[in-house]
Amino acid sequence: MTGIKKIITVALLAVMALPALAVTEKEMEEARAITAQAYLRYANDGSGYLDEFRATSMSQLESKLKTKEKENIKAFKSVKVPGDYASWDKAKLLEFWGVTFFTSPNLAEKGKLARTRVKQRISAMTVAAPAPVETAEKPAPEPQATPDPVKEQSAEPQATASDAATVQEAVLEKQEEILADQNAIAQDTEERQYKKEDSGTWIYVLVLVVLIGVVIWLVVFAANMMKKQSEPLENQSTGNSGNSEAGNTKEIAETRKQLIAAQTALNEYKAALEESREENRRLQAEIRKLKEAPRNTPQPAPAASAPVAATAKPQNARPAPSAIYLGRVNGRGLFVRADRRFNPGHSIYRLETRDGLVGTFHLVNTPEVTDIALANPVEYLSGGCSAIDIEDTAGAQAIITENAGTAMFENGTWKVLRKSRIRFE
């Protein structure tokens with residue numbers, strides 16, 4: 001009996017010695033401001049100015065917002081916040097703002113991608129410790145019983161093993177939640193890229209089909225005109241004058257020239273259509289490889305082709321690719337400038353094209369471009385590149401291009417069709 005009393009006394013003293021962590025009203029307000037700032041930043045691509053300050057309250061945050069963010073915060077504030085947070089600990093606070101809050105259907109889908117940033121910032125918060133709990137009253141003496149030395153010795157180790165198992169399960173659950181968030185972000189990014197690639201390719205093919213239809217109509221029209229002009233010649237008598245025959249012969253020759261020109265144009269458009277189909281098949285094969293390959297695994301470089309003999313003459317040789325240096329990508333997916341040579345301070349990407357209409361691009365691999373891009377990834381990378389977490393460049397020293405992007409020249413400007421895939425090292 002004496003041993004049991006000693007164990008109970010030691011347990012009460014241990015509980016009284018540990019401060020109970022609870023969430024105050026100020027800490028709840030700070031966590032809400034952190035979540036709102038991250039949500040607004042992800043919901044609107046043009047809200048980069050929010051990265052310049054750290055709000056600790058909703059009033060402080062709302063005083064800095066622009067028109068678009070003032071509209072987006074209405075959906076955020078419509079989500080009900082529990083009032084029993086005074087009984088929460090730090091783990092409960094992190095679970096609500098990092099997981100439960102983002103399950104609300106009122107929030108924008110792009111804004112829900114802010115879960116990872118919210119968890120990181122709230123994990124860095126310090127939850128204040130309230131005053132220690134008063135000493136509990138001594139328990140009433142229990143009826144005397146025959147002491148069991150074996151049970152007294154094994155009671156404390158069993159409780160310790162149970163607590164350790166509970167802590168381990170909690171850690172595993174948090175790790176699974178973080179991995180699930182990362183997988184969801186990567187999957188959303190890939191799906192958007194695939195949809196954009198498919199739509200851009202089919203638009204290009206549709207334009208070519210329309211042009212070929214116009215050429216075919218011109219050929220049929222020319223053939224009908226030629227037939228109408230040849231019928232009077234067959235019915236003419238041999239007594240017609242030489243001047244009339246010469247005039248008809250000239251008209252026939254002109255019609256034939258038009259027909260030959262139309263046929264040549266048709267052949268050129270057929271060749272362009274076949275080239276477009278080859279490019280479409282290549283892009284679809286590349287998309288399938290990206291879907292089948294494991295995430296974050298660099299794609300192997302294509303094998304070098306065998307050298308061609310110096311005396312061999314290439315058949316249907318394509319022109320060598322020309323290089324164009326491009327600036328950053330704006331919110332509409334357009335490169336802001338293009339130069340024939342590298343322009344320090346402005347050139348970010350290098351594009352190679354054979355026909356001046358479609359080309360592939362990647363980041364310029366120089367220390368200057370790497371430093372600028374790592375310092376401000378939202379402005380210089382997010383428009384033309386994709387990564388697991390493109391804003392998290394802490395500790396990164398280099399940018400590795402895993403797959404080049406694709407761009408198309410449209411209305412006098414180069415436009416992004418498919419972003420380049422990168423990773424940080």
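Reply: On the α2 side, the residues involved are R32, T35, A36, Y39, L40 and A43, and on the α4 side they meet E69, N72, I73, A75, F76 and K77. Sort the residues of this contact by class and you get seven nonpolar, two polar and three charged. Keep in mind that this is a predicted model.

Now for how the two helices lie. Helix α2 covers residues 25-43 and helix α4 covers residues 67-77; their axes come within 10 Å and cross at roughly 125 degrees. As for handedness, α2 passes α4 in a right-handed crossing.

You'll find N72 in helix α4. Is N72 buried or exposed? Its relative accessible area is 16%, and since buried means under 20%, N72 counts as buried. Which residues does N72 touch, if you skip those up to four places away in sequence? They are Y39, L40, A43 and N44. Of these, Y39, L40 and A43 are also among the α2 residues listed for the helix contact.

For comparison, here's another helix pair. Helix α5 (residues 90-100) packs with helix α6 (residues 115-123) at an angle of about 160 degrees, and their axes are 9 Å apart. Angles over 145 degrees count as roughly antiparallel, so that is how α5 and α6 are described relative to each other. This crossing is right-handed. From α5, the residues K90, L93, L94, W97, G98 and V99 meet R115, V118, K119, I122 and S123 of α6. By class, that contact holds six nonpolar, two polar and three charged residues.

If you'd like to see strands too, find the open sheet with the order β5-β9-β6, where three strands pair in a mixed way. The edges are β5 (385-386) and β6 (399-403); each has a single partner strand, so one side of each is left without a neighbour in the sheet. Strand β9 (residues 420-424) runs parallel to β5, and two bridges join them.

Terms used. Residues are numbered from 1 along each chain as its sequence is written. This is a predicted model: local features need pLDDT of at least 70, side-chain atom pairs count only at pLDDT 80 or more; totals for chains, interfaces and linings use all residues. Side-chain values use heavy atoms; hydrogens and water are left out. Axes are lines fitted to C-alpha atoms, for helices over the stretch in contact, and angles run from 0 to 180 degrees between N-to-C directions. Helices (H or I, at least four residues) and strands (E, at least two) are DSSP runs, numbered from the N terminus. A crossing is left-handed if the near helix is turned anticlockwise from the far one by less than a right angle, and right-handed if clockwise. Contact means heavy atoms within 4.5 Å. Ala, Val, Leu, Ile, Met, Phe, Trp, Tyr, Cys and Pro count as nonpolar, Asp, Glu, Lys and Arg as charged, and the others, Gly among them, as polar. Two strands pair if DSSP finds at least two bridges between them. Buried means under 20% relative accessible area, exposed over 50%, partly exposed in between (1.4 Å probe, protein chains only). Angles under 35 degrees count as roughly parallel, over 145 as roughly antiparallel, 65 to 115 as roughly perpendicular and the rest as oblique.
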